[in-house]
Amino acid sequence: MSVTAPAATVGDLLRDWRQRRRLSQLDLAVDAEVSARHVSFVETGRSRPSRELLLHLAEHLEVPLRDRNTMLLAAGYAPLYAQRSLETDELRPVRDALDKILAGHAPFPAVVVDRRWDLVAANDAAMNLMGARVRNPQLLEAPLNTLRVSLHPDGLAPDIVNLPQYAAHLVARLDRQAAAAQDNELRALSRELRTYPDVPSGVIDHADIVGRLFVPLILRNGDDEPLTFFSTIATFGTALDVTVAELAIEQFFPADAVTTNALRGK
């Protein structure tokens with residue numbers, strides 16, 4: 001005989017997100033300017049929150065849009081946030097904006113990824129950088145996962161001069177994201193990456209990199225001096241579509257004159 005676990009209630013979900021943010025019921029109540037008793041009643045199921053209150057609490061808990069839809073469904077409301085394909089006419093302005101950002105960053109690499117770090121778009125500099133160094137062409141097939149390509153022994157890893165430090169940085173960032181979102185797919189990706197050579201398999205120690213301005217990506221460049229990059233990540237801050245909210249734009253900037261001149265062909 002099989003037993004089906006009961007579906008999470010809206011109170012369960014609210015409590016879970018509150019605990020992930022390390023807030024007490026009182027902390028949340030004060031931040032959201034609502035009654036602590038009301039928060040308690042919602043979490044215990046003694047009170048059904050209005051849609052407005054639920055969205056208000058989710059906003060203060062910084063719940064991702066995808067999970068806000070789940071909370072709304074659990075409370076008996078229709079999902080609020082659409083999840084459109086990036087190819088739809090409605091998202092044409094987003095595509096145009098991404099194209100402008102990618103093209104404008106040339107000749108330096110830039111990529112757009114989704115919440116799983118799968119590649120959505122890239123400029124020529126990024127594709128050339130990967131295409132010239134990835135040993136296994138299958139890693140470049142869709143869905144191309146940028147973290148897998150970076151750390152796989154048949155990917156960029158053999159050309160990363162500071163692989164242990166850079167891998168620790170990427171995996172630590174992924175672990176934080178997986179913990180914040182309670183995302184099992186990201187956890188599975190983290191476990192996979194930790195099986196690769198020179199990727200830390202246990203607790204990550206940042207003692208050897210603390211004090212630096214950033215963790216650079218240092219790539220071998222044949223017989224020439226290595227290429228050194230640092231990166232920034234940007235998102236759509238006012239997105240009300242799940243797809244758009246989960247996009248991230250990572251832009252790689254040259255960290256020295258050697259890299260600048262090499263990519264500009266000087």
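## Start of helix α10

At the start of α10, D183 reaches toward the backbone. One of its side-chain oxygens comes to within 2.8 Å of the backbone nitrogen of E185. The model is predicted.

Helix α10 spans residues 184-193. Its buried residues are L186, L189, S190 and L193. These residues lie on the same side of α10, because they cover an arc of only 100 degrees around the axis.

The face turned away from that buried side carries N184 and R191. Both N184 and R191 are exposed.

## Cover over the buried side

## The chain as a whole

The chain holds 12 helices and 5 strands. Its C-alpha atoms fill a box of roughly 70 × 45 × 45 Å along the principal axes. Of its 266 residues, 41% count as buried.

Contacts between residues at least 6 apart in sequence were sorted by separation. Of these, 57% join residues at least 24 apart.

The chain exposes about 14,400 Å². Carbon and sulfur atoms supply 52% of that area.

Key
Residues numbered from 1 in each chain as written. Predicted model: local features only at pLDDT ≥ 70, side-chain atom pairs only at ≥ 80, totals over all residues. Heavy atoms only, no water. Helix = DSSP H or I, 4+ residues; strand = E, 2+ residues; numbered from the N terminus. Buried < 20%, exposed > 50% of the residue type's maximum accessible area, 1.4 Å probe, protein only. Contact = heavy atoms within 4.5 Å. Areas by Shrake-Rupley, 256 points an atom, 1.4 Å probe, with all protein chains shown as cover. Arc of directions from axis to C-beta. Polar contact = N/O pair within 3.5 Å; in protein donor to acceptor, adjacent residues only side chain to side chain.
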